[in-house]
Amino acid sequence: MDEGCTQLLIAAGRGDAEASGQLFARLYEELRQCARRQLRGRAGSLVSTTVLVHETYLKLIHAERLEAGSRGHFMALAARAMRQVLVDDARRVGAEKRGGQALFVTLDERLPGAVDEALEVLALDRALTTLEAVDARAARVVHLHFFAGLTFPEIATLENLNERTIKRDWQAARGLLAAEMKTGSDDAAALA
């Protein structure tokens with residue numbers, strides 16, 4: 001990250017709204033890439049890349065303070081905020097499926113698979129929450145690599161660990177998430 005972004009991060013952390021806007025503009029394309037990764041493989045996604053980026057920005061600027069000392073840390077915060085946006089939307093879709101009384105008017109057309117996708121997002125969120133309780137560092141590695149798009153060397157630097165440890169955490173996290181997602185889908189199938 002160049003010196004200008006670092007200064008913007010510091011100023012945004014102090015509550016400077018203009019610096020937050022400039023930071024968003026400077027990192028917009030990187031945020032779009034992060035959003036595309038989160039939406040990858042989701043036909044008829046609940047939200048578009050642009051909506052996800054903008055909702056993430058709103059979530060970040062409405063936080064009391066934006067405290068990120070590096071590009072990697074900022075992208076980790078953004079990835080977590082994107083996950084929250086997707087989970088909130090998935091919960092709303094689930095509520096609509098269960099007969100929620102609120103009337104939502106949207107310009108987005110929902111495809112028939114939107115409810116299934118919402119269930120998948122919620123299952124992933126539950127699996128990540130479980131992983132965070134079991135192994136917080138491995139959960140951070142998942143956020144930083146899968147959601148924020150950081151490389152293993154970048155994560156190792158950010159976490160102040162060696163790359164081998166990060167790769168080991170990544171492998172362990174993938175196994176735990178897969179097992180948790182399978183258990184969740186088996187439970188959902190049993191309820192159906």
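What percentage of the 192 residues in the chain do buried residues make up? Buried residues make up 39%, where buried means under 20% relative accessible area, exposed over 50% and partly exposed in between, with a 1.4 Å probe and protein chains only. This is a predicted model, in which local features need pLDDT of at least 70 and side-chain atom pairs count only at pLDDT 80 or more, while totals for chains, interfaces and linings use all residues. Residues are numbered from 1 along each chain as its sequence is written, and side-chain values use heavy atoms, with hydrogens and water left out.

**Figure 1. Elements of the chain.** The chain has eight helices and zero strands; helices (H or I, at least four residues) and strands (E, at least two) are DSSP runs, numbered from the N terminus. From the N terminus on, the order reads α-α-α-α-α-α-α-α. Of the contacts between residues at least 6 apart in sequence, 62% join residues at least 24 apart. Contact means heavy atoms within 4.5 Å.

**Figure 2. Helix 2 and helix 3.** Two packed helices are described by the angle between their axes and the distance between the axes. For helix 2 (residues 17–39) and helix 3 (residues 49–61), the axes come within 9 Å and cross at roughly 130°. Axes are lines fitted to C-alpha atoms, for helices over the stretch in contact, and angles run from 0 to 180 degrees between N-to-C directions. Helix 2 passes helix 3 in a right-handed crossing; a crossing is right-handed if the near helix is turned clockwise from the far one by less than a right angle, and left-handed if anticlockwise. Residues making the contact include F24, Y28 and L31 of helix 2 and L52, V53 and Y57 of helix 3. The residues of this contact divide into nine nonpolar, six polar and two charged. Here Ala, Val, Leu, Ile, Met, Phe, Trp, Tyr, Cys and Pro count as nonpolar, Asp, Glu, Lys and Arg as charged, and the others, Gly among them, as polar.

**Figure 3. T49 in helix 3.** T49 belongs to helix 3 and is buried, at 17% relative accessibility. Apart from its neighbours within four places in sequence, T49 is in contact with R32, A35, R36 and L39.

**Figure 4. A12 in helix 1.** A12 is part of helix 1 (residues 3–13). With 4% relative accessibility, A12 counts as buried. The C-alpha atoms of A12 and L23 are separated by 8.0 Å, the two residues being eleven apart along the chain.

Figure 5. In helix 7 (residues 152–159), the buried residues are F152, I155, A156 and E159. They lie on the same side of helix 7 because they cover an arc of only 100° around the axis; the arc is that of the directions from the helix axis to the C-beta atoms. Helix 7 is followed by N160, which lies in the loop between helix 7 and helix 8. Most residues other than glycine have a negative phi. N160 is not a glycine, yet has a positive phi of about 60°. N160 is exposed, with a relative accessible area of 70%.

**Figure 6. D169 in helix 8.** D169 is found in helix 8 (residues 163–191). Its relative accessible area is 7%, so D169 is buried. Neighbours within four places in sequence aside, D169 is in contact with R137, A138 and V141.
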